[in-house]
Amino acid sequence: MSDVDKNKGEKKVKKTSIPRTPIPEQSPKERAKNFEEVALGYTRDQALIEASRCLQCKKPKCVAGCPVGIDIPAFIQALADDDPAAAIAKLKETTSFPAVCGRVCPQEDQCEKLCILGRKHEPVAIGRLERYAADREAQNGEGARPEKAPKKGKHVGVVGSGPAGVTAAGELAKMGYGVTIYEALHKPGGVLVYGIPEFRLPKTIVQRECEYVESLGVEIKLDYVIGRTMTIDQMLENGHDAVFLANGAGLPSFLNIPGENFNGVYSANEFLTRANLMKAYRFPDYDTPIKVGKRVAVIGGGNVAMDAARTALRLGAEVHLIYRRSMEELPARKEEVHHAQEEGIEFHLLTNPVRIKGDQDGWVEEIEVIKMELGEPDAGGRRRPIPIEGSETMIPIDTVIVAVGTRANPLLTKSTKGLELNKWGNIVADEHTLQTSKEGVFAGGDIVTGAATVILAMGAGKIAARSIGRYLQGQPLLTPEEEEELKAAAEKAGVAAR
Amino acid sequence: MYKILEKVDYSDDVYMQVIEAPAVAKAAQAGQFIVLRINEEGERIPLTIADFDRDKGTVTIVVQAVGKSTRHLQTLGAGDEIANFIGPLGIPSEIENFGTVVCAGGGVGVAPIYPIARELKKAGNKVISIVAARTRNLLLWEDKMNDVSDEVIVTTDDGSYGRKCLVTEPLKELCETGGVDLIYAIGPGIMMKFCCKTTEPYNVKTLVSLNSIMVDGTGMCGACRVSVGGETRFVCVDGPEFDGHQVNFDELMARQRQYLEQEKIANDLYMECRGDATCLT
């Protein structure tokens, strides 16, 4: 090996030898008592070091892992050059919600999972850098604004102001369409305001991102329940040339075990809505009450279960999380589980609730649980939990929070003729164009897929905007090249499946 | 913001407000409800629609002040504004010509039954209304019910006006006589429970409009769940009207008491500070 090569090698080692920069956090003891954000964000120096770790791959894998296709190396390069304004401009070419995604995206399963650096070392902290760029912009006040296309004279109605709706609205506004978002609640943001807690995503950030979309010319009408205040047909008759349905999943599922209607049993949706949207954690300064009691059982193992558990903890309760499978199958993000454990949430794994016992006045008293063991994998590939007979025990409890998912809300779909639904009540939309069975109506996000992630909903919002743009121009929803690509991909998948 | 155009106090703690909400009024139908929020710190309160005027773009609510929010709302009058007014929510009443329909309203429950009675009358039904209250000055809308009914029976618990009896007495008599095809009973949980107990032996379908605790009112939270025929239903999206003979009223009433403790804290604080806006800040 020549000296030059040796030097090159050394230089490379240097770049990869920088460890991934940890993000400063509030200590578990401290944060268990407040609703302030857990992760504090990078300082300028930390961001510079972390950004310098990026290999700037010629063919970056990370971008393929991003549901909205952010040009990750480009925005990170801008940060490495200490130019956060250029970084945010790059981000906003593709995402309307960088401050949100930087915080709540499961990067470990997406961009960071594919980072080349992660093969031998730790991946670049892409999410944290995205957050840094967005937060710097917020600190500086004046934000980057992409150029708008000339007005096209057509109007789109968007149902729901969650991640899918707002993303689609932002994209359509940038294309030059008039856009009105109809939101049922009194604040915009959907799950970002009612579902995700303040300590994971401060509400001022959601508000700021919604204001950004408004600054693009999007009108947000609050207190407007599509399906009740106005139907989809009325939207189409009254000045909307196309409609995008992004009203979310909605209806909470329960366990269908005895005692679920006792006082003190909440759906995670209700518990989190009271705490987040209604600010019940500040009762009586805010009027909406919430009851936690001393001991809380949270049923479920997803991100929503973690959010509910950690919220109950911050309201002063001892929290027991009950999940029927093992830690390995637990669907919540690793980071959330880690945070929850650090804060003192007690995990009861391979445990399933059997019934809820109440007192004479109708209040929850105890929850009966049974131990489980894992059997053969089910259709989804996860090992099926099987109850171990005779292992029932009672846990004394004041509050139960059921976080076992949601099902499609029938309010909108029932009031609309000609909209095809699947057997679970979700809207049927073409996977690649998001077109529904109803002329001029597109749908995306949780109402189509069932409960999923913020970023997948945003990805759907982008696809919807593209399809709606083409629909309004009388073009085919997919270009011949896209058709070819899909065909090739389907054939490839078909071969693999065989 | 939504403007209050008119406010009338019917008694110390029962009042009527007409709210300017054109989009809600345009879509409103008998049997539906709204959710309102007074201000930024306010809670979302569900209230059944008492009347609406599509041309004027207004919705009328009748409220009994029982806690902080409803007392606070009572202090607001014509020209004042509230932060949010959402609706119409819930499934509208099914209106057709059933034949003879009895509309029994107890206390402030008379108000939401009024538009239902009006629509039933319009659809060709013979409408017999029972307007009931504890005492004379709590009696509501006898005149309005007269306008939309073929017959009105007035009862007060203390006999200060009309017949001295509970709402269930004339209801039982009407069932005895026969010829009743449908009954609507709207009022406090306990009143609806006993109306349903009264009519059950006669096998006359009895619809009730439930007033459970809600947050969003659009199916999202499940706070309003109630057992109907042994199955859990959501009042906000499956109701608010249900077959009263299938409703578990004891569970409904227990669930309505869920926040008594907090309601008292909020109310006491509010009463202490009444008339002094700076007190709480």
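The following dialogue explains how some terms are applied to this predicted model.

User: How is the model read, and what are the residue numbers based on?

Analyst: This is a predicted model, in which local features need pLDDT of at least 70 and side-chain atom pairs count only at pLDDT 80 or more, while totals for chains, interfaces and linings use all residues. Residues are numbered from 1 along each chain as its sequence is written, chains are lettered from A and ligands numbered from 1 in the order in which they are written, and side-chain values use heavy atoms, with hydrogens and water left out.

User: Why is A:Glu491 called exposed?

Analyst: A residue is buried under 20% relative accessible area, exposed over 50%, and partly exposed in between (1.4 Å probe, protein chains only). A:Glu491 has 54% relative accessibility, so this residue counts as exposed. A:Glu491 lies in helix α20 (residues 480-497) of chain A; helices are DSSP runs of H or I with at least four residues, numbered from the N terminus.

User: What makes α10(A) largely enclosed by the rest of the structure?

Analyst: Of its 13 residues, 12 are buried, so α10(A) is largely enclosed. Among them are A:Pro163, A:Val166 and A:Leu172.

User: What is the span of helix α10 of chain A, and what is expected?

Analyst: The expected span is 1.5 Å times one less than the number of residues. Helix α10 (residues 163-175) of chain A reaches 18 Å from its first C-alpha to its last, close to the expected 18 Å. Just after this helix, A:Gly176 takes a positive phi of about 105°.

User: Why is the contact of A:Glu37 and A:Arg103 called a salt bridge?

Analyst: The term requires a side-chain nitrogen of Lys or Arg within 4 Å of a carboxyl oxygen of Asp or Glu. For A:Glu37 and A:Arg103 the N to O distance is 2.6 Å, so the pair is a salt bridge. The two residues are 66 residues apart and link distant parts of the chain. A:Glu37 counts as buried because its relative accessibility is 15%, and A:Arg103 counts as buried at 9%.

User: How do you know that A:Arg310 and A:Glu343 are buried or exposed?

Analyst: A:Arg310 has a relative accessible area of 1%, and is therefore buried; A:Glu343, with 8%, is buried as well. Salt bridges that share partners join residues including A:Arg310, A:Glu343, A:Glu25 and A:Arg200 into one network.
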